[in-house]
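Here is a short note for a colleague who is meeting this structure for the first time. Please read the points below with the sequence and the model open beside them.

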Amino acid sequence: VGVASMIEPIYLSEVAPIKMRGVVVATEIIAVTQGQLLAVCIALAMGRNWRLMLGIAATPAILQFIVILFMPETQRWLAYNEKWEECKETLDRVYPEEAAKNELKALRNEVNRIQRYIKMTECERYGQLFTTYRWCLFIGCML
């Protein structure tokens, strides 16, 4: 449950279209919270029958594990690993044709930017803290 609650919002935010990411992730979080409330109500109704409670809780977890095995990789992961053809197929399933092309172009730009960042020396990276990201650094330190 802990791993799933950490991975699901990330997976959903990477797969969901840009305009819907916030709504999709917020809906998932609300659904999880409602599920927890329902689980507590069911547990209270069962009383001291802890074996049945664990059995009922294991059922959706097992189902989720099986379904996860068949889920496709996210387009962002495919792009970072330079599997561009699979990335395009995934984008075509999620986005309309023109938006898929724009998202693929944005992913290519992002991968190029990350590759440039990786090639930077450590001194150049630290230098960015005090030039490009100085306000972020200041606010983070003040918090």
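1. Please keep in mind throughout that the model is a predicted one.

2. Is Glu103 buried or exposed? With a relative accessible area of 7%, Glu103 counts as buried, because that value falls under the 20% cut-off. Apart from neighbours within four places in sequence, Glu103 is in contact with Ile18, Arg21, Arg76, Leu91 and Tyr95.

3. Arg21 belongs to helix 2 (residues 21-46) while Glu103 belongs to helix 6, so the pair ties together parts that are 82 residues apart in sequence.

4. The structure holds 4 salt bridges, and among them is the pair of Lys88 and Asp92, whose closest N and O atoms are 3.2 Å apart. Both residues lie in helix 5, 4 residues apart, or about one turn of the helix. Lys88 is partly exposed at 37% relative accessibility, and Asp92 is partly exposed at 40%.

5. Another salt bridge joins Lys101 to Glu97, with the closest N and O atoms 3.8 Å apart. These two residues are 4 residues apart in helix 6, and about one helical turn separates them. Glu97 counts as exposed, at 60% relative accessibility.

6. Finally, Glu73, Glu85, Glu86 and Glu89 form a negative surface patch. Of these, Glu86 lies in helix 5, which covers residues 84-94, and counts as partly exposed at 42% relative accessibility.

Terms used. Residues numbered from 1 in each chain as written. Predicted model: local features only at pLDDT ≥ 70, side-chain atom pairs only at ≥ 80, totals over all residues. Heavy atoms only, no water. Patch = residues over 30% accessible without salt bridge, like charges linked within 9 Å, V, L, I, M, F, W, Y side chains within 5 Å. Areas by Shrake-Rupley, 256 points an atom, 1.4 Å probe, with all protein chains shown as cover. Salt bridge = Lys/Arg side-chain N within 4 Å of Asp/Glu carboxyl O. Lys, Arg positive; Asp, Glu negative; His and termini not counted. Charge placed at Lys NZ, Arg CZ, Asp CG, Glu CD. Buried < 20%, exposed > 50% of the residue type's maximum accessible area, 1.4 Å probe, protein only. Contact = heavy atoms within 4.5 Å.
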